[in-house]
Amino acid sequence: MSDWTIQNGVLQQAEYIHSPNADVRPDPNDISLLVIHNISLPPGQFGGGHVQSLFTNTLNPELHPFFREIYTLQVSSHLLIERSGKVIQFVPFHQRAWHAGKSAYKGRERCNDFAIGIEMESTDDSGCTAEQYRVLKGIVQLLVEHYPLLQPDALVGHSDIAPGRKTDPGAGFDWGQLQV
Ligand SMILES: [Zn+2]
């Protein structure tokens with residue numbers, strides 16, 4: 001992955017699918033936090049492309065009872081890493097994606113303002129595939145090299161910045177896989 005590149009905030013090796021659920025960062029240069037999430041739709045099921053539908057406001061509420069509860073949410077992340085390791089980008093990194101919600105990192109609120117959000121296709125318990133960890137590790141290294149304010153230790157889970165409200169990426173997520 002040493003040949004992966006970012007141009008105009010877009011990872012050139014990712015598939016790009018535009019999400020309307022994004023806006024301008026208060027300071028587009030302040031990209032200083034990486035937030036890891038997990039998602040699967042329906043919960044616990046992988047594949048199917050429903051995360052892409054959710055992030056593009058096209059999720060069909062008739063397909064599953066859970067979809068009826070969430071299909072009107074306006075959410076997104078910068079990246080989704082599927083079980084195969086395939087990467088999809090929804091929002092350029094210099095724009096604000098809507099993934100963290102009410103949150104705080106080291107006393108600073110509204111983490112979406114200054115964070116990049118990465119969704120892993122997994123559950124709290126499943127952990128990720130070896131390919132997902134490999135790709136994520138490469139992307140973290142690339143982002144740290146590309147964005148000067150992003151320190152290597154500014155890597156957190158959603159549950160770290162929204163404790164009591166969020167549990168992802170969960171106990172199954174192996175942080176040790178990201179060690180350089
Ligand atoms: Zn999350």
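This is a predicted model: local features need pLDDT of at least 70, side-chain atom pairs count only at pLDDT 80 or more; totals for chains, interfaces and linings use all residues.
Q: Which residues are linked in a network of salt bridges?
A: D23, R96, R110 and D113 are linked that way.

Q: How far apart are the closest N and O atoms of D23 and R96?
A: They are 2.7 Å apart. The pair joins distant parts of the chain, with D23 in strand β4 (residues 22-24) and R96 in strand β8 (residues 95-97), 73 residues apart.

Q: Is R96 buried or exposed?
A: R96 counts as buried because its relative accessibility is 13%, under the 20% cut-off. D23, at 27%, counts as partly exposed.

Q: And what about R96 with D113?
A: Their side chains form a salt bridge at 2.6 Å, N to O. D113 sits in the loop between β10 (108-109) and β11 (115-121), 17 residues from R96. D113 is buried, as is R96.

Q: What does E131 pair with?
A: E131 forms a salt bridge with R134, the closest N and O atoms being 2.9 Å apart. Both lie in helix α3 (residues 130-146), and being 3 residues apart they are separated by about one helical turn. E131 is partly exposed at 33% relative accessibility, and R134 is partly exposed at 44%.

Q: Are H37 and H158 buried or exposed?
A: Both are buried.

Terms used:
Residues are numbered from 1 along each chain as its sequence is written. Side-chain values use heavy atoms; hydrogens and water are left out. Buried means under 20% relative accessible area, exposed over 50%, partly exposed in between (1.4 Å probe, protein chains only). A salt bridge is a side-chain nitrogen of Lys or Arg within 4 Å of a carboxyl oxygen of Asp or Glu. Helices (H or I, at least four residues) and strands (E, at least two) are DSSP runs, numbered from the N terminus.
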